[in-house]
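Me: I want to learn how to read a protein model feature by feature. Please show me the structure, and we can start with its surface.

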Amino acid sequence: MHTTLGHAALRAPSAPHSLRSASMGKKASGALPTGQSQYQVVGRFVPNEKYSADSAMCKVYRMNLFARNNVVARSRFWYFMGKLCRVKKANGQIISINKIYEKSPLKVKNFGIWFRYDSRTGTHNAYKEIREMSLTAAINMMYMDMAGRSRAKSKAIQILKTAELKPEECKRADVKQFHSQSIRFPLPHRVAKIAKKYRTTFKAARPTTFC
């Protein structure tokens, strides 16, 4: 770098060009896709001279997708459209995109998730049951569970179907154990709350923290 000492002293030191180019060309982080939201994307093939609006090629498709934002949801929509009916983004149009919110986010529910993922040995179909407050929270937990248990990358997972399950429809023992009416959660060690004006640093006798 051909700079004089005066120029180098006036400006803050910067990283070498090789390090900056390496950081710019670095691959995207393989972090888990946290903060997932559910989107409903509606799109179709644009009618032209060959295919009219009434043809089967131009029928409207609607998909429920999980993504961080609507930009990623659009990208996932065209990915599946290219796989299912060979319609790409250049020849299609998105009619609407809406974010779907949980109707009762304060109620605990059982969710069943059917998905397909690619491992180091092949492609597998899988099913998981998760007990959560919302569907998006269950999807986030599924990603974390697959990353921890199966070492599956987030980009290798395709969610096929989700459903809210009744207690009698659940199959997994770790979910069914919460359906008992006599379930109890013992609290073996509860620390008593003392008003601030009665708190002291030193005590003459050993305090009792078991209530």
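This is a predicted model: local features need pLDDT of at least 70, side-chain atom pairs count only at pLDDT 80 or more; totals for chains, interfaces and linings use all residues.

Me: What percentage of the residues count as buried?
Reply: Buried means under 20% relative accessible area. By that cut-off, 23% of the 211 residues are buried.

Me: How many helices and strands does the protein have?
Reply: There are five helices and six strands. In sequence order they run α-α-β-β-α-β-β-β-α-β-α.

Me: What percentage of the contacts join residues at least 24 apart?
Reply: Take the contacts between residues at least 6 apart in sequence. Of these, 59% join residues at least 24 apart.

Me: Which residues of α3 are buried?
Reply: Ala-73, Phe-77, Trp-78, Phe-80 and Met-81. They cover an arc of only 165° around the axis, so they sit on the same side of α3. On the other side, Val-71 and Lys-83 are exposed.

Me: What covers the buried residues of α3?
Reply: The cover includes four strands: β1 (37–45), β2 (61–67), β3 (92–100) and β6 (157–165).

Me: What caps the N-terminal end of α3?
Reply: Look for a side chain that reaches a backbone nitrogen. Here Asn-69 is the cap. One of its side-chain oxygens lies 3.2 Å from the backbone nitrogen of Val-71. After α3 comes Arg-86, with a positive phi near 55°.

Me: Next, cysteines. How many disulfides does a search of the whole structure find?
Reply: A disulfide is a covalent bond between the sulfur atoms of two cysteines. The search finds zero here.

Me: Is Cys-85 buried or exposed? And Cys-170, buried or exposed?
Reply: Compare each value with the cut-off of 20%. Cys-85 has 19% relative accessibility, so it counts as buried. Cys-170 has a relative accessible area of 6%, so it is buried too.

Me: What does the side chain of Ser-134 reach?
Reply: It reaches the backbone nitrogen of Ala-137, at 3.3 Å. There is also a polar contact of 3.4 Å between the side chains of Ser-134 and Thr-136. Leave out residues up to four places away in sequence, and Ser-134 touches Glu-102 and Phe-111.

Me: Which strand holds Asn-110?
Reply: Asn-110 is in β4, residues 109–118. Its relative accessible area is 6%, so Asn-110 is buried.

Me: With which side chain does the side chain of Asn-110 make a polar contact?
Reply: With that of Arg-131, at 2.8 Å. Set aside neighbours within four places in sequence, and Asn-110 is in contact with residues including Ile-130, Ala-163, Leu-165, Pro-167, Val-175 and His-179. Cys-170 is among its contacts as well, and that cysteine is buried, as we saw.

How values were computed
Residues are numbered from 1 along each chain as its sequence is written. Side-chain values use heavy atoms; hydrogens and water are left out. Helices (H or I, at least four residues) and strands (E, at least two) are DSSP runs, numbered from the N terminus. Buried means under 20% relative accessible area, exposed over 50%, partly exposed in between (1.4 Å probe, protein chains only). Contact means heavy atoms within 4.5 Å. The arc is that of the directions from the helix axis to the C-beta atoms. A polar contact is a pair of N or O atoms within 3.5 Å; within protein, one must be able to donate a hydrogen and the other to accept it, and residues adjacent in sequence count only if both atoms are side-chain atoms. A disulfide is a pair of cysteine sulfur atoms within 2.5 Å.
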